[in-house]
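Dear colleague,

I am handing over a structure that you have not worked with before. Please look through it first, and then read the notes below.

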Amino acid sequence: MQLPSMPPKPETPDVRSLQSALRVHDWKMAVQLGKALVAQDANNGLVWAMLGEAWIGLDDDINAAMADAHAARLLPHHPGVWVNWGSRLERMGQLSDALTCYGTALKLSPQMAAVHYNLGTLHERLGHSTEALQSYEAAMRHDPHFAPAYFNAARLCQTSGQLSEAMTLCETSIAQAPD
């Protein structure tokens, strides 16, 4: 029996393997696969976006934000990339940069209720109650079943003394919440 002169090449990672690792929350494997894939093709925005998700799974906001920045550069017309990057930046306390990312996402897809909601929570953190309420109202307009927007709007109304409006929004929030 003759042995091969060279060992067989290890299987090249593919995007499906990375997606599978993300689906089962195997964050370490996802990071390993993502790094290997970007080493093969640093211009694959989808892989950068998935690598950002994997880094978040490992609670590494800095690497996640860097991966999201690459994804946004490569996929500038994809609103989800901007939302993810904004969320990472918000978690890191870079609030004005997060506002910019959310604003870009809304320009690309103004009907995304979750982005309006994220923008509302960010405005609250910045002490901009009026803008926060407007963002929650936009989220409710775009998705009438988005319970967290009703709840946060109710809380803001209650804080500002609009008790009747707060009660109505709170009741709606409870009605919209899953069982």
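D59 counts as exposed at 61% relative accessibility, where exposed means over 50% relative accessible area, buried under 20% and partly exposed in between, with a 1.4 Å probe and protein chains only. The model is a predicted one, in which local features need pLDDT of at least 70 and side-chain atom pairs count only at pLDDT 80 or more, while totals for chains, interfaces and linings use all residues. Residues are numbered from 1 along each chain as its sequence is written, and side-chain values use heavy atoms, with hydrogens and water left out.

To stay with D59 for a moment, this residue sits in the loop between α3 (45-57) and α4 (61-74), and its phi is positive, near 60 degrees, although D59 is a residue other than glycine. H25 likewise has a positive phi of about 60 degrees without being a glycine; H25 lies in the loop between α1 (15-23) and α2 (27-40), and with 53% relative accessibility H25 counts as exposed.

As for the overall fold, the protein chain has 10 helices and 0 strands, where helices (H or I, at least four residues) and strands (E, at least two) are DSSP runs numbered from the N terminus. The radius of gyration, taken over C-alpha atoms, is 21 Å, well over the 16 Å that the globule rule (2.2 Å times the number of residues to the power 0.38) gives for 179 residues, so the protein chain is more spread out than a compact globule. Along its principal axes, the C-alpha trace spans about 85 × 35 × 25 Å.

Buried residues make up 40% of the 179 residues in the protein chain. Among contacts (heavy atoms within 4.5 Å) with a separation of 6 or more, 43% come from residues 24 or more positions apart.

Leaving aside residues up to four places away in sequence, R88 touches G52, E53, I56, A64, A65 and D68.

The structure holds 0 disulfides, a disulfide being a pair of cysteine sulfur atoms within 2.5 Å.

With kind regards
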